[in-house]
Amino acid sequence: MFGFRMLAAATVAAVMASGATASTLVTTPGAYSGPTLNLSPYATGDYNFTFGPVNVGPGLTFTAAPGGGGNSGQGSVVGQGSYGLNANGSFGGSAVYIGVDSGTGYAQITFASAQTQFYGFWNYAPGIGNAPTLSTLDVSGNVLQSFDLSALAPISTPGGFNAFAFRGIEGTDQFHGVRFGGSYILLAATADGDPVGGVPEPASWAMLITGFGLVGAAARRRRSVAVAA
């Protein structure tokens with residue numbers, strides 16, 4: 001069994017990084033046609049630290065911030081390992097995930113073609129480093145719009161194990177990637193992502209997101225646990 005905290009339906013106003021845009025942060029899914037992860041190649045039993053670029057799904061490229069190597073000094077995690085998230089509990093087992101191994105750094109996924117949606121399952125370490133933030137990117141990698149999760153739609157899974165929450169970006173404006181950083185934020189899956197690592201879809205989501213799979217729960221490496229103590 002694993003913990004899963006489902007939040008009430010809400011559409012949250014955005015914190016604008018620049019200009020007027022039409023995307024919003026949402027906490028319940030609609031019909032999804034955005035990009036999906038495939039992390040199966042990284043189910044190697046290792047953390048697989050990398051700055052990238054590496055392929056993480058059809059038309060999806062992962063990179064970590066230059067100089068933002070986190071505790072490892074080797075980039076962010078695209079793989080497996082045990083992870084602690086301060087008050088939000090811990091992760092472990094055979095799950096495959098993307099995890100920013102830093103309280104201040106960031107990683108990003110760029111798309112081969114522009115999108116108007118990106119749905120994911122996330123968690124972070126509250127109170128550690130910068131605020132957990134999701135941002136949309138233009139074709140040149142510049143931030144279009146940013147969403148502070150801790151202020152707009154906080155995730156609270158006290159003492160949870162493999163617990164996470166749905167957050168999505170959707171609207172009418174197109175974007176070419178997403179950036180996520182702060183508070184050891186992790187991405188457990190995208191909607192319709194292939195199930196990997198033996199983490200089942202929570203029964204409470206089955207009727208809301210029929211056919212949506214989970215890539216797996218994410219984890220921060222053991223040496224990061226001391227940071228969240």
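Me: The residue is Gln-80. Where is Gln-80 placed, is it buried or exposed, and which residues does it touch?

Reply: Gln-80 sits in the loop between β7 (76-79) and β8 (83-84). Keep in mind that this is a predicted model. With a relative accessible area of 11%, Gln-80 is under the 20% cut-off, so it counts as buried.

Now its contacts. Leaving out residues up to four places away in sequence, Gln-80 touches Tyr-42, Ala-43, Thr-44, Gly-45, Asp-46 and Tyr-47, and also Ser-94, Ala-95, Val-96 and Tyr-97.

The structure holds nine aromatic pairs. One of them joins Tyr-83 and Tyr-97, edge-to-face, at 5.9 Å centre to centre and 65 degrees between the planes. Tyr-83 belongs to strand β8 and Tyr-97 to strand β10, 14 residues apart, and the pair links these distant parts of the chain. Both tyrosines are buried.

Another pair is Phe-121 with Phe-164. This one is edge-to-face too: 5.9 Å between centres, 80 degrees between planes. Phe-121 lies in strand β11, while Phe-164 lies in the loop between α1 (149-152) and β14, so the pair ties together parts 43 residues apart in sequence. Phe-121 has a relative accessible area of 2% and is buried. Phe-164 is buried as well, at 1%.

Next, the nonpolar core. The largest one has 49 residues, and Val-56, Ile-98, Ile-109 and Phe-180 have the most contacts inside it. β7 is among the elements that give two or more residues to this core, as are β10 (97-99) and β14 (165-181). β11 gives the most, with seven residues. Phe-180 touches Ile-98 and Ile-109, and its other contacts include Trp-122, Leu-134 and Ile-185. In soluble globular proteins, nonpolar side chains tend to be buried together.

Finally, the whole protein. Its secondary structure comes to one helix and 15 strands. Of its 229 residues, 53% are buried. Among contacts between residues at least 6 apart in sequence, 76% join residues at least 24 apart. The accessible surface is about 8800 Å², with 55% belonging to carbon and sulfur atoms.

Definitions and conventions
Residues are numbered from 1 along each chain as its sequence is written. This is a predicted model: local features need pLDDT of at least 70, side-chain atom pairs count only at pLDDT 80 or more; totals for chains, interfaces and linings use all residues. Side-chain values use heavy atoms; hydrogens and water are left out. Helices (H or I, at least four residues) and strands (E, at least two) are DSSP runs, numbered from the N terminus. Buried means under 20% relative accessible area, exposed over 50%, partly exposed in between (1.4 Å probe, protein chains only). Contact means heavy atoms within 4.5 Å. Accessible areas come from the Shrake-Rupley method with a 1.4 Å probe; for residues, only the protein chains shown count as cover. A nonpolar core is a set of buried Ala, Val, Leu, Ile, Met, Phe, Trp, Tyr and Cys residues joined through side-chain atoms within 4.5 Å. Rings of Phe, Tyr and Trp (its six-membered ring) pair if their centres lie within 6.5 Å; planes under 30 degrees apart count as stacked, over 60 as edge-to-face and the rest as tilted.
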